[in-house]
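This briefing is for a reader who is new to the structure. Please look over the sequence and the model, then read the points below.

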Amino acid sequence: MKSINRFLLCFTLISLVLTGCQKDDDIDPVPPVAEAGTSQTIQLPVSTVTLTGSGTTTNGSITGYLWSLVSGPNTPVITKPSSASTTVTGMIAGTYRFQFLVVDNAGLTGVDTTSVIVNQAAQQTITLQPSNNTANEANIAIVGSQNATSHDKDLDAGAWTNNGSPVYIRGSFKFDLSGIPANATIISAKLSLYSIPDPTNGDLINANSGTNNAMYIRRIISNWDGNTVTWQTQPATTTADQISIPHTNQPFLDLIDLDVKTLVDAMRTGGNYGFMMTLQNETAYTIRQFCSSFHSNAAKHPKLVVIYQ
């Protein structure tokens, strides 16, 4: 009986030893754990982020990584998708979601996701109201057949007479838009023109005269120089998106915050050649007169306010 008990005890011990010596391959492996990092928020014009992930495994080591886009407003560039850390470029406003995958030496995978919120750029405002804007401003005019272009304290759209000779005036002006970044989006553009309180043309009393003094503000589409332009060499304009200003019986009337966004957008893409004022019907004894950049009251100079992102 004792020998049988000894045999059973030895068998039990041997079984326990063998069980404890089983190979790791016989144990079900555990998938690795991926960590994609915390969510991020950036604001344009910053359009690049760095994604940094990590992975842990009980099977030995992490052998591979893979970043991929899950969703977003566009498809940005993941510069190093197979690295634990990568930059992502070319992002636009919106919310992105990225997946981070890790692979261990047992061939098992783990995934995690992270998000990046890209906010719109802060709005910026630029106010343009130059003084003595000689190169970029002129009353392009003719008396009879003689050029009469000038730089005066007024900018006009008019038709009159001088000693029996017909007079035509088209006020032209442009603003320096170089302060607006090339990649900016124009939110709004507002033009203000101020009726001249001390007219130098027309009846010399009223800024606005005539039975139909409606006028247009048009975009100039060819280059010109206020120092050299004449009636005969005046630049071309386009009627596309022209601003129609109705007739007024008021002797003085400021034009405040005219919406010229479409015109300014076109100037930034097709050449900044400015604006021209012209009567809708150039009939004698009709005129609209505004302060130019040469007027003594700087607050009444032509003004352009642009809001952009």
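Six of the eight residues of β15 (186-193) are buried, so this strand is largely enclosed by the rest of the structure. Buried means under 20% relative accessible area, exposed over 50% and partly exposed in between, with a 1.4 Å probe and protein chains only. Strands (E, at least two residues) and helices (H or I, at least four) are DSSP runs, numbered from the N terminus. The model is predicted: local features need pLDDT of at least 70, side-chain atom pairs count only at pLDDT 80 or more, and totals for chains, interfaces and linings use all residues. Residues are numbered from 1 along each chain as its sequence is written, and side-chain values use heavy atoms, with hydrogens and water left out.

**Partners of β15**

- β15 and β22 run antiparallel and are joined by six bridges; two strands pair if DSSP finds at least two bridges between them.
- Ser188 stands opposite Ile307 in β22.
- β15 is also joined to strand β19 (residues 255-259), by three bridges, and these two run antiparallel.
- Lys190 stands opposite Asp259 in β19.

**Helix α2**

- Helix α2 covers residues 261-270, and its buried residues are Leu263, Val264, Ala266 and Met267.
- Seen down the axis of α2, these buried residues fall within an arc of 160°, so they line one face of the helix; the arc is that of the directions from the helix axis to the C-beta atoms.
- The buried residues of α2 pack against β15, β17 (215-220), β18 (237-245), β20 (275-279) and β22 (303-308), where contact means heavy atoms within 4.5 Å.
- Gly271 follows α2 and has a positive phi, near 115°.

**Asp156**

- Strand β13 (residues 154-162) holds Asp156.

**A four-stranded sheet**

- An open sheet of four strands with mixed pairing has the order β2-β9-β8-β5.
- Its edge strands, β2 (40-43) and β5 (62-71), each pair on one side only.
- β5 and strand β8 (residues 94-104) run antiparallel, joined by eight bridges.
- Ser68 has Gln99 in β8 as its bridge partner.
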